[in-house]
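User: Could you walk me through this one? I have some questions about individual residues.

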Amino acid sequence: MKVLLVFDFDNTIIDDNSDTWIVQCAPDKKLPIELQDSYQKGLWTEFMGRVFKYLRDEGVKADELKRAVTSLPFTSGMIELLNFLRMNKDRFDCIIISDSNSIFIDWVLEAAAFHDVFDHVFTNPASFDSSGRLTVKNYHAHSCTRCPKNLCKNTVLGEFIDKQLKKGVRYTQIVYIGDGGNDVCPVTFLKKNDVAMPREGYTLHRTLAKMSQNLEPMESSIVVWSSGVEIISHLQFLTKM
């Protein structure tokens, strides 16, 4: 039986937000004010659709986007962690659940040759249309009131675990590695044996600290990290390596 590692992507695997990073491709490396102001809470994918249309209208080509995305830095210690996981695939299954998009994640994993580390990537599907515009669709529809309209990470994780169970795959525990507000929902559903690993100083860490102060129950243990090397140490401890 293996341990399941669940990764967020932006500000977890990579050390920035791929959607906001792409703004460097815009003229003067910024978006027009009216476009910036068009964002509505919970409708990020729709907002990014307008950003990608603007970039296409300004003549930004796919290879320029790719150059920008593949220049994103990995978070400290993350390359070491992914290499460690590659060498220990007999002990760990790894998935990504991200509110980025399939093309950005593919580009980053392909450029760094880390595709083989991950068993599944769950994210908003993306493609280039005939005019060269990057289009991103919502990953799914769901009924969770805590999450953005296009993605409830807890629903995705639950469905993945159920599918694995049907194939006879059971995990000894889940380790969830993330940073953002949309990681709160899946983390609160982790069980007693599981581990929530929020990145130090980021929204998930601050939210879990607040929940702890308010005595809101959390079944899983919480281990804070700031480098992938610390995650390696904890995985070695968990699996008694």
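**Binding-site aspartates and other residues**

Analyst: The side chains of Asp99 and Asn124 are joined by a polar contact of 2.8 Å, a term that stands for a pair of N or O atoms within 3.5 Å, where within protein one must be able to donate a hydrogen and the other to accept it, and residues adjacent in sequence count only if both atoms are side-chain atoms. Please keep in mind that this is a predicted model, in which local features need pLDDT of at least 70 and side-chain atom pairs count only at pLDDT 80 or more, while totals for chains, interfaces and linings use all residues. Residues are numbered from 1 along each chain as its sequence is written, and side-chain values use heavy atoms, with hydrogens and water left out.

User: Which residues does the UniProt "binding site" annotation cover?

Analyst: According to the unreviewed UniProt entry, that annotation covers Asp19 and Asp99, although such annotations may be inferred rather than shown by experiment. They are spread over 81 residues of sequence, yet they cluster in space, with a largest C-alpha distance of 9.6 Å.

User: Is Asp19 buried or exposed?

Analyst: Asp19 counts as buried because its relative accessibility is 5%, the cut-offs being under 20% relative accessible area for buried, over 50% for exposed and partly exposed in between, with a 1.4 Å probe and protein chains only. Asp99, at 15%, is also classed as buried.

User: And what does Asp19 touch, not counting residues up to four places away in sequence?

Analyst: With that exclusion, Asp19 touches Trp44, Met48, Phe52, Asp99, Asn101 and Phe104, where contact means heavy atoms within 4.5 Å. Under the same exclusion, the residues that Asp99 touches include Asp19, Thr45, Asn124 and Lys153.

User: Switching topic, how many disulfides are there?

Analyst: The structure holds zero disulfides, a disulfide being a pair of cysteine sulfur atoms within 2.5 Å.

User: What is Lys89 in contact with, leaving aside neighbours within four places in sequence?

Analyst: Lys89 is then in contact with Lys2, Cys94, Asp116, Val117 and Asp119. A polar atom of the Lys89 side chain lies 2.9 Å from the backbone oxygen of Val117.
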